[in-house]
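Subject: A structure for you to look at

Hi there,

Here is the structure I promised to pass on. Have a look at it first, then read my notes below.

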Amino acid sequence: MPGRRLARWVAAVPMAALALATIYPLVFTANVAMKTRRDYILDRFSPTDSLRWDNIAEAWTGAGMARYFANSFIVVSFAVALLLLLGSMAGFALSQLRFRGSSVIFLGCLAGLFIPFQVIMVPLTRIMADSGLVDTYPGLILAYVAQFLPFTIFLMTSHYRTIPAEIVDAARIDGNTVYGVYRRIMLPLGVPALLSVGILDTLFCWNDVLISLLMMPSPEHRTLMIGVNSLRGQYSDDIPTFASGVLIAAIPVLMLYLFLQRQIADGVTAGSTKG
Amino acid sequence: MVRPAGSGRAGGETTKQRGPREGAATRPASRGARAERLAPYVLVAPAVLIIVLLRLWPLVLGVNFSFTGDGELNGTPVGLSNYLELAADPLFHTSLRNVGLLVLLLPVAVAIPGLLATFIYLRVPGHRVYRSVYFFPAVLSPVIVGAIFNLMLGFDGPLNAALGAIGVGPVDWLGDPGISMFTVVGVHVWATFGMALVVFLAGFSTLDTSLLDAARVDGASLRQVIWHVIIPSLTRTIQFVFVTTMIGMLTSMFGLLFVMTSGGPEGSTYLPEYYIWHQQGQMNRPALASAASTVLFVVMLVVGLLQITLLRRTGRQD
């Protein structure tokens with residue numbers, strides 16, 4: 001069908017342009033990060049003449065990105081581990097075990113999914129402050145767990161629903177306790193979903209701005225994203241170093257994307273086809 | 001993959017009740033059985049505790065809080081005065097007007113990824129590459145996106161340079177109150193359309209290809225195929241994208257505002273979430289902020305429900 005083939009090629013042109021518009025801003029930033037300040041002022045567009053790592057080093061040590069990076073790493077690791085543990089436990093119980101109140105509990109988790117953080121941020125900050133958790137690692141970890149747990153439970157429950165009840169039955173007949181079933185059957189069978197949810201939770205926590213802004217007020221506790229923003233004022237006349245800071249914050253996520261694109265997409269679409 | 005679970009573990013409780021379903025009929029009195037009956041509750045308890053204490057309870061607390069005063073009046077009931085103050089605050093007006101703008105721009109933000117997904121599904125040359133390229137900004141933090149676009153949109157930045165090359169004068173993307181909100185929304189769409197695109201593609205993969213083939217055999221044009229085959233079969237996906245995109249616009253633009261405009265120029269890029277943060281953190285008006293939170297929640301509920309009924313109705317007409 002020649003008409004349709006033509007239409008495809010016509011569509012290909014704006015699509016290629018859009019792809020360029022998607023990539024270019026990051027390429028531009030990476031390029032600027034490699035330039036000297038002088039090069040940047042003279043000509044910010046030309047490709048850098050050499051790969052220069054001074055700016056990256058300056059951003060990493062001089063601007064304290066190393067500290068922010070470590071903060072983010074600690075908080076996100078603990079938060080994601082907790083999310084996966086609690087999410088898979090609840091998901092298993094809600095999908096495979098029948099007990100009084102299970103549907104109410106599931107609905108409660110769903111309700112949690114539909115409460116945006118902005119709506120509860122004032123009272124939540126107050127609760128955290130009253131418990132002495134503001135400006136502590138456990139406080140931010142707990143805030144992240146609370147924020148993303150409903151989503152994690154939802155995805156784990158819908159994953160565990162696909163596991164036939166016979167498997168659990170058989171394991172029970174073999175003498176496993178409920179906890180044994182969880183540990184020996186459900187955790188191993190949940191790995192694909194745990195991976196996909198875990199990556200998404202990692203992205204959510206790593207990329208968060210508002211929660212860490214509220215929970216970690218002091219400069220030495222800043223997470224990476226808040227740290228990047230603080231570079232803006234500090235290096236307003238040294239754009240290459242600022243761009244380096246942006247690059248440092250973006251690289252882990254880009255790595256994750258390059259290697260695990262499939263799982264990320266699966267997680268994003270899970271709610272649209274199931275549920 | 002499934003090894004015969006626990007086969008090596010011939011404990012004393014092998015002859016327990018059959019199956020995992022906690023039959024209400026069988027009620028063994030042994031201690032093990034009670035532990036087993038409690039097990040589901042133990043499994044969900046930590047999650048329930050966290051969700052109730054840190055998500056549901058704050059919602060109640062916040063609504064309650066919005067009827068009390070700030071500062072000296074902390075804790076004392078003040079009736080509707082916070083809401084009256086919101087109603088009179090031009091900054092809050094702007095933030096609500098901007099929500100209206102987002103709702104108006106929503107169809108565009110849904111149509112762009114929808115159209116792109118259609119072309120990718122129809123195997124435009126290079127479709128494999130486009131999918132991964134378009135999706136990648138979706139994993140970047142709003143802070144990173146905002147920082148990158150601060151560079152891109154600078155007065156002598158790349159975008160103005162490109163426009164200058166075709167003879168369009170430099171635009172003050174973030175400094176002009178009439179333009180800045182559109183700029184921020186544009187950047188948000190740039191950063192998130194890949195998300196909706198992937199959802200659309202997942203919807204396409206459930207599409208019945210025989211319908212498409214039939215339409216093709218009947219000589220339907222591309223427009224007819226999109227309008228009469230693709231859109232009706234994807235109502236569920238389209239609904240999902242509409243609702244999630246709306247939620248995204250109303251709740252995840254804080255990072256961009258924080259980095260790119262700080263609500264300015266002249267308060268033109270205020271959104272409720274930024275207003276809430278500003279009142280709580282900068283102005284020390286938590287009760288007023290709570291009132292704004294409550295309004296935001298109601299707005300989101302109304303918009304969400306409206307969308308669903310509206311889309312249901314159009315879905316039925318087809």
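Before anything else, one term: two residues are in contact if their C-beta atoms, placed from the backbone, lie within 7 Å. Please also keep in mind that this is a predicted model, in which local features need pLDDT of at least 70 and side-chain atom pairs count only at pLDDT 80 or more, while totals for chains, interfaces and linings use all residues. Residues are numbered from 1 along each chain as its sequence is written, and chains are lettered from A and ligands numbered from 1 in the order in which they are written.

**One glycine to start with**

Which residues does A:G87 touch, not counting residues up to four places away in sequence? They are A:L149, A:T152, A:I153, A:M156 and A:V197. A:G87 has its place in helix α4 of chain A; helices (H or I, at least four residues) and strands (E, at least two) are DSSP runs, numbered from the N terminus. Is A:G87 buried or exposed? A residue is buried if 20 or more other C-beta atoms lie within 10 Å of its own, exposed if 12 or fewer, and partly exposed in between, with C-beta atoms placed from the backbone. A:G87 has 29 other C-beta atoms within 10 Å, so A:G87 is buried. A:G87 and A:F154 are 67 residues apart in sequence, yet their C-alpha atoms are 8.2 Å apart in space.

**A leucine in that helix**

A:L94 is also found in helix α4 of chain A. A:L94 counts as buried because there are 25 C-beta neighbours inside 10 Å.

**How α4 of chain A meets α9**

Helix α4 (residues 65–96) of chain A and helix α9 (residues 178–189) of chain A have axes that come within 11 Å and cross at roughly 100°. Here axes are lines fitted to C-alpha atoms, for helices over the stretch in contact, and angles run from 0 to 180 degrees between N-to-C directions. The two helices, α4(A) and α9(A), are therefore roughly perpendicular to each other; angles under 35 degrees count as roughly parallel, over 145 as roughly antiparallel, 65 to 115 as roughly perpendicular and the rest as oblique. On the α4(A) side the contact is made by A:S88, A:M89 and A:F92, and on the α9(A) side by A:Y182, A:M186 and A:L187. By class, this contact of α4(A) with α9(A) has five nonpolar, one polar and no charged residues. In this scheme Ala, Val, Leu, Ile, Met, Phe, Trp, Tyr, Cys and Pro count as nonpolar, Asp, Glu, Lys and Arg as charged, and the others, Gly among them, as polar.

**Chain A as a whole**

Chain A has 13 helices and zero strands. Its radius of gyration is 23 Å, well over the 19 Å that the globule rule gives for 275 residues, so chain A is more spread out than a compact globule. That radius is taken over C-alpha atoms, and the rule is 2.2 Å times the number of residues to the power 0.38. The C-alpha trace of chain A spans about 75 × 70 × 35 Å along its principal axes. Of its 275 residues, 49% count as buried.

**Over to chain B**

Helix α4 (residues 127–135) of chain B packs with helix α7 (residues 180–204) of chain B at an angle of about 135°, their axes 7 Å apart. So α4(B) and α7(B) are oblique to each other. B:R131, B:Y134 and B:F135 of α4(B) meet B:F193, B:G194, B:L197, B:V198 and B:L201 of α7(B).

Helix α5 (residues 142–152) of chain B has nine of its eleven residues buried, so it is largely enclosed by the rest of the structure. Among them are B:P142, B:G146 and B:N150.

**Where the chains meet**

In all, 85 residues of chain B are in contact with 85 residues of chain A. Helix α1 (residues 31–65) of chain B gives the largest share of the chain B side, 19 residues. That side has 60 nonpolar, 17 polar and eight charged residues.

Enjoy exploring!
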